[in-house]
Amino acid sequence: MKRYLCSIIISLAVLLSIGTYYVKVASSASSLPRYTFKTIEGSDKELDPVIVQATLGNGNFYEPLTIESNRTTYGSDRPLWSDGYDHQIERLIKEHRSFMRGKDSISSLYEDDDFLAYAWVNSDFTNNGKMEAEFDIGLLEKKDEEETSFQIELPHQERIMNVDVRDVQLVHSKLQVLTMNDVNSNSEKQTKEVHLYTIDLANKKVLSDKTLVSETFTYPNQVDFEMPIDVAPSQPNSMVLISLIKGVNHEEGPFEEKLKESKLISYNYETEKLETVIKGPLSLDMARSGYADGKNLYAVEMKSGKYRIKTFDLSSRTLTNDRELDIAANKEEQYTAAFKNGRVYFLLNEMNQEGKLNKPAKLLIADLKTGKTLYKGETVINKKNSKSFGLYIDDLEIK
């Protein structure tokens with residue numbers, strides 16, 4: 001009886017401690033400033049799908065916050081399982097919690113009406129410095145919630161130093177996994193490659209390992225692979241874009257790109273064609289920092305004191321739209337853009353040297369085809385003591 005009484009007392013003490021912790025956290029969060037958008041022009045209904053991820057800072061105090069549906073939610077207000085995830089990962093966790101356990105990278109996931117697939121590379125280095133790596137593969141059939149998971153050795157892993165999964169697609173019942181790899185070479189040369197692994201889900205084996213792009217270079221030359229931001233990273237997509245950037249590292253001064261030798265490449269999963277995309281009106285810098293949805297590439301350009309949105313059709317490889325946004329450009333400001341629902345969502349914020357907002361962040365929502373402004377607003381704060389805090393904008397998401 002004493003043993004059971006002791007267990008009960010310990011359990012009550014733990015529950016009381018947890019309860020006290022959450023009361024303190026809730027109390028602390030309730031005293032923090034709340035940020036909303038004040039409408040200057042247009043309908044505030046346009047704000048419904050907008051999610052702004054930010055961080056509140058004051059000295060050594062930092063607290064993540066989200067502005068969603070024009071309400072502020074702090075990290076300590078949210079469920080523990082959702083902390084740190086974007087809204088796409090949160091939705092998948094809510095709908096498929098068992099399958100999503102331990103999966104937090106949107107670039108490693110694929111989703112359609114019938115399936116949810118996952119691919120990642122787990123790696124470690126042995127004592128002699130060689131890498132041991134394997135694919136971690138998962139497939140969920142949504143209809144009956146049937147899960148399949150297995151691990152397979154990564155092909156030719158003895159020559160690889162690092163693997164980064166950048167895209168996952170399900171094509172004709174085969175999983176296509178696109179990775180960017182750092183490859184072992186001699187002491188002077190470095191090699192970077194883009195690989196496409198085709199995985200047979202039924203027989204749990206790697207069918208092929210195709211090298212799409214391979215570049216070997218020596219210092220001070222440098223090669224990097226980048227990708228325009230995918231506006232729908234886990235959805236079916238027949239095409240992926242890869243920016244190949246060549247440059248020179250100067251001992252004194254910044255990295256200098258070789259624009260004539262750099263290019264934007266497309267790979268079509270259905271036709272298996274690898275092609276160079278950009279040859280005309282878009283600079284590589286615009287393409288690399290652009291946004292892609294499988295059909296179009298959207299690029300942001302600052303010109304004559306205004307921001308412009310250029311739409312580049314990937315199939316015809318032509319510039320199909322060039323619209324000026326009704327918002328002044330300032331070189332001191334940083335922008336975050338998102339493209340969805342036929343709209344461009346454009347968030348502007350000016351930071352000081354510490355990265356804090358110097359003035360309210362501005363949000364513009366415009367029609368992509370016409371450039372017409374649908375909403376314009378700026379952040380406002382409801383606390384008098386808010387001047388002691390700094391707001392750091394992290395990301396802009398659209399539901």
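Trainee: How many helices and strands does the protein chain have?
Mentor: The protein chain has three helices and 27 strands. Both are DSSP runs numbered from the N terminus, helices being H or I with at least four residues and strands E with at least two. This is a predicted model, in which local features need pLDDT of at least 70 and side-chain atom pairs count only at pLDDT 80 or more, while totals for chains, interfaces and linings use all residues. Residues are numbered from 1 along each chain as its sequence is written, and side-chain values use heavy atoms, leaving out hydrogens and water.

Trainee: What is the strand order in the open sheet of five strands?
Mentor: The order is β1-β26-β25-β24-β23, with antiparallel pairing. Two strands pair if DSSP finds at least two bridges between them.

Trainee: Which are the edge strands?
Mentor: They are β1 (35–42) and β23 (333–340), and each pairs on one side only.

Trainee: How many bridges join β25 to β26?
Mentor: Five bridges join β25, residues 362–367, to β26, residues 373–381. In β26, T373 is the bridge partner of A366.

Trainee: Changing topic, what share of the residues counts as buried?
Mentor: Of the 399 residues in the protein chain, 45% count as buried. Buried means under 20% relative accessible area, exposed over 50%, and partly exposed in between, with a 1.4 Å probe and protein chains only.

Trainee: And aromatic pairs, what does the count come to?
Mentor: The count comes to eight aromatic pairs. Rings of Phe, Tyr and Trp (its six-membered ring) pair if their centres lie within 6.5 Å; planes under 30 degrees apart count as stacked, over 60 as edge-to-face and the rest as tilted. One of the pairs is Y62 with Y392, which is tilted, at 6.1 Å centre to centre and 55° between the planes. Y62 lies in strand β3 and Y392 in strand β27, 330 residues apart.

Trainee: Is Y392 buried or exposed?
Mentor: Y392 counts as buried, because its relative accessibility is 15%.

Trainee: Why is the pair of Y307 and Y335 edge-to-face?
Mentor: Because the planes of the two rings are at 70°; the centres of Y307 and Y335 are 5.8 Å apart. Y307 is in strand β21 and Y335 in strand β23, 28 residues apart. Y307 is buried at 3% relative accessible area, whereas Y335 is partly exposed at 29%.

Trainee: Which residues do ring pairs link into a cluster?
Mentor: Y291, Y298 and F339 are linked into a cluster by ring pairs.
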